[in-house]
Amino acid sequence: MHKTQFVRTQMLEPEEPPVSSRGMVGWLHANLFSNAFNAVLSLLSLAAIYWILSQVLPWMFSPTWYGTSLENCREINGPAGGACWGVIRERWLQLLFGFYPSELYWRPIATFLLLAVALAPVLFTSVPRKLMYFTAVYPFLMPWLLWGGSIWNPIVAAMGFALGYGVYRVIYDHFGNLAASIGALVAPVLWWLFLAAPASSLLQGVIPLGIEPVQSRLFGGFMLSLTIGVVGIALSLPLGILLALGRQSDLLIVRSLSVGFIEFIRGVPLITLLFVASTLLNIFMPPGTNFDIILRVIIMVTLFAAAYMAEVIRGGLAALPRGQYEAADALGLDFWLAQRLVIMPQALKISIPGIVSTFIGMFKDTTLVSIIGLLDPLGLLRSIRADANWNGIVWELYGFVALLFFIACFSMSRYSLYLERKLRTGHQ
Amino acid sequence: MKKSVFVGALALAGLSAGVAAAGTLDDVKARGKLNCGTNTGLVGFAAPDANGEWKGFDVAVCRALAAAVLGDAMAVEFVPTTGKTRFTALASGEIDVLARNTTWTFTRDVDLKFDFVGVNYYDGQGFMVPKSLGVSSAKELDGATICIQTGTTTELNLADFFRKNNISYEPVPVETDNEAQQQYLAGACDAYTTDASGLAAVRATFENPQDQILLPEIISKEPLGPLVRHGDNEWGDVVRWTLFALVAAEELGITSANIEELSNGTDNPEINRILGTEGSLGEMLGLDPLWAKRAISAGGNYGELFEKNIGVNTPIGLARGLNAQWTEGGLQYAPPFR
Amino acid sequence: MTELADPPKESFRLGMLIYDTRYRSLTIQVVALIGFLVLVGWLINNTANNLATLGKPINFSFLNDTAGYDINQRLLDYNSQSTHWRAAVMGLLNTLLVAFLGCVTATIIGIVVGVLRLSNNWLVARLMTIYVETFRNVPVLLWIVFSMALLIETLPSPRDFRGDDPAASMVLFDSVAITNRGIYIPEPLFSRGFGDIPVFPDRSSEACVAPEPGALLNDSCGLFQISLNLIAILAVTGAGLWGSRRIRRRADRIQAETGDRPTTWYLRLGVALVPLVGLLWALGFHLGLPELKGFNFVGGTHLRNSLIALWFALSLYTASFIAEIVRGGILAISKGQTEAAAALGLRPKRIMNLVILPQALRIIIPPLISQYLNLTKNSSLAIAVGYMDLTGTLMGITLNQSGRELEAVLLGMLIYLGISLSISGVMNWYNNRVKLVER
């Protein structure tokens, strides 16, 4: 018997992984040079990055922030050349607000800050529900803040809805649902068409309250893009819901009208619709009516967005399990009640990411209005470059506008991604 | 669904209830603002400055008109229009007058139903080429690449010129002066063609203007002037005679400096009639007697406007040429005020 | 709550139109139709009134007037004396050209980028993400103008090629010139060609009278012309490929019968190539090289700046969307599929080709269709760089010169609608076919 035996009393420390798979080297090996193909790709990418940066950076860092004209910048930069940032310093406010009176800049700023507040209860679940009341008020507040004028205009417009609701209640008690619905539709329309304007001026005469009106052709720059985008999306939402319902409907004529509208709008480029806005819309209206160009553009953009919105919402409707429809039917809800209480709240929630990306697309598409002569950021570039001081400037302005668009769209798309992820976990 | 409120609110806010049919003069007076169609940006003729205030030779015509009609040279809304949208903007009543370096042609006057009220700038289409190209006549441009602005009469003139001379060219259409300038400077086109005034304006902004030459050929007549809708003769008269008042003022020696002095009465009856101290010309136009005085005071007479915006002392540096007074061998000729 | 419907045996009452579900849908539809017709009628009535006031009744005859302007990129014969109608056709062809080129390159770039974004190479994946995010989040119009400016500012102009010590020189054995006016590439020429045949020739027109018997007809004869050389080449190529296929089939059959596969690659190559080479030789095929003459490069095919800028910007912009679609499609295939395929002993490349891609395609194709449609519609922004597409000709210069806004815009919209509907038709047909194969 051997007495000797070997028992390890102490465990060995684990060996360090080989140099090639730890630390910096390991990371490089795993992520950049895992095989020959990857190594080539990595080197190529590095070369590309170096080349681009070496071209752009020296140009970008040029001490021309206080340049007063292109000639002045050229003097400052000397023969090496470089960017001329003076144009941005002089014109950035114009690129943001267009020709909006500078003492009134707080109004568009307030409008878009309040927009964030109004959207918060819709977009983030953690926000107090009470804010919804503000969301309901906001659509009246926004045009008033932007365009100014008497405070009674939005109030009188809102009264139309109150009137509609009141008429509905009164008639409903006496004549039933159908008559009430018709009444609720007709009364506000009559109110807006015939009574609203006199009522508003009467009230303004009695209690003059208002802020300085601003003509819409003073709108320009990013403010114009945002206004067209936000108003277009907001208006297209109800229209889009109706179209989506119409497209899903069993009624042949309603369905074919909806499909026809959606496919027509989706089949033509936005620029042709803008041509319609700029050249034809006034011809379609009764003689004498004259919308200003921004309103015409908003109308056409709304129709355009509505078709895309309808498809997004149709996707949301299709994503709802069949059981929801059947359950609503089983509860004895009629079509509109079922839509209002069961279907739409869920379908719209599913559609929010789609709505956000439609909005991003539309916001980007607002640059097309420069082709019909509106002074959005791109249109303003043209005007700025027609100033004898800045004639000949290209990249600085393009870069600035592109950067602003990038920041806006990128943050929105990140939000949409976050939302998508949140909604997905909600469903699992 | 609450969002549909927007429709009501917006319609109230944004609907400018313009009734174009009645009579533009009354509309403008009632509105208190003149809507003037202008270029989206053309050096020396119309461009907004950093404060958003429009400046330029075409702009000055609108300011004078606003001063004449409304008594305030700043009571103008400038509506930037492109080559495409300008005529519809005017036809639809969105603007009251179009002062956007627009060429007076037969079809525009007759077929498109507009009235040109006069000519504020006599222009012609020319060519600019780099000196280094070694070209001294447009007829030597066989096979050249030529930048042209689209949406104007320019491209038709160019096609006609090259067809007539039986030489070939490669057109590069561009939307605005800026792009043309960019392409031209980079050598993407051999020559740039547009109105000679535009060429001079563009050349003035180059780093080395002396390296570019304007070719001697002027291949078209381009009388540029303000225009109004056909059929509204009262308004047409107001615009026409405001323009003539500016021209006549220069001929008669009325300047923004001496206008106050002259309006106390002079021994020249025509000056008196223009400045409203004699006769009732303003009344006949549907304006007050001092209309022309205000128009001239707004920015000065025709010559002053010219010198201030596009004259030889500005970066654009245009000589008067055809636009001198008829007494000095030019074409600017105002009919008598009587 | 609404009252219950009356029992069916009761006679018809007016209220049933609304409260009886059998009739209600009919009522709603009739009301909707009437509403729609009233709206349309109102619009048409307004239009008619306004046009009457303007003194411009709807009239398409301006399309037959002389256009008077030149178009630089013409796929068919055109000059300033042609009609507006023909100018519109040139525009349409240019639209189709850039849309087609754009769709092809966008798909290729999109797939490559989409796959590379999933790459385990950290740097490449990050770079691709940056590319996708930058392009997606900046308006396409800006990209188009931007690429045009880039081409103009960075490439050498033809005058740089001149002189004893030129600043720039041609590339690829002096056969390609890259300038800021565009790229000049060699063009195929035939010294003993068959000529063209005119389609729908108008015998009475001057252009169709042959200068001498047997001579080729004038270029501008007929609606357009078909190159006989091209037809001959296509026919011979087709026949060659058919022959090569027959040989492969035969080899397959022999392999199935005997187990031995005869070596046929040289035979197949020969059948496909020899007749083609022979034909090209017979036609006197040679390349026409661009050369600097006068102001410009002459000869060769000229790919203009405007085309390249538009093509480049549209492809890169759309590719960034397609990349996301492709990535989403690949990620959507569960990992189990890959593992199952690997368990079956398939190699990685075959897993991709046989298992992942066919399933991913089903997810990818519907959004891909709408990207193609977007690209085609975005090509209308050509106007910003002076590419003469449909918006540049019919809805641009023609509209301007004739003052016929209504007619030009309506016609333009209808043409775009037609293009869009055909694209979605073809792609949907393809989509359905893929679906059938799958299930």
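Guide: Gladly! Two strands pair if DSSP finds at least two bridges between them. Helices (H or I, at least four residues) and strands (E, at least two) are DSSP runs, numbered from the N terminus. This is a predicted model: local features need pLDDT of at least 70, side-chain atom pairs count only at pLDDT 80 or more, and totals for chains, interfaces and linings use all residues. Residues are numbered from 1 along each chain as its sequence is written, while chains are lettered from A and ligands numbered from 1 in the order in which they are written.

Visitor: How many bridges join β9 of chain B to β10(B)?

Guide: Six, and β9 (residues 144-149) runs parallel to β10(B). Within β10(B), B:Val174 is the residue opposite B:Gln149.

Visitor: What is the order of strands in the open sheet of chain B?

Guide: Its five strands follow β10-β9-β11-β8-β12, with mixed pairing. At the edges, β10 (169-174) and β12 (212-214) of chain B each pair on one side only.

Visitor: Which helix packs on the sheet?

Guide: Helix α8 (residues 196-204) of chain B, which touches β8 (125-130), β11 (191-195) and β12 of chain B. Contact here means that C-beta atoms, placed from the backbone, lie within 7 Å.

Visitor: How many residues does each chain bring to the contact between chains A and B?

Guide: Chain A brings 51 residues and chain B brings 46. On the side of chain A that touches chain B, α7(A) gives the most, with six residues.

Terms used: Two residues are in contact if their C-beta atoms, placed from the backbone, lie within 7 Å. Axes are lines fitted to C-alpha atoms, for helices over the stretch in contact, and angles run from 0 to 180 degrees between N-to-C directions.
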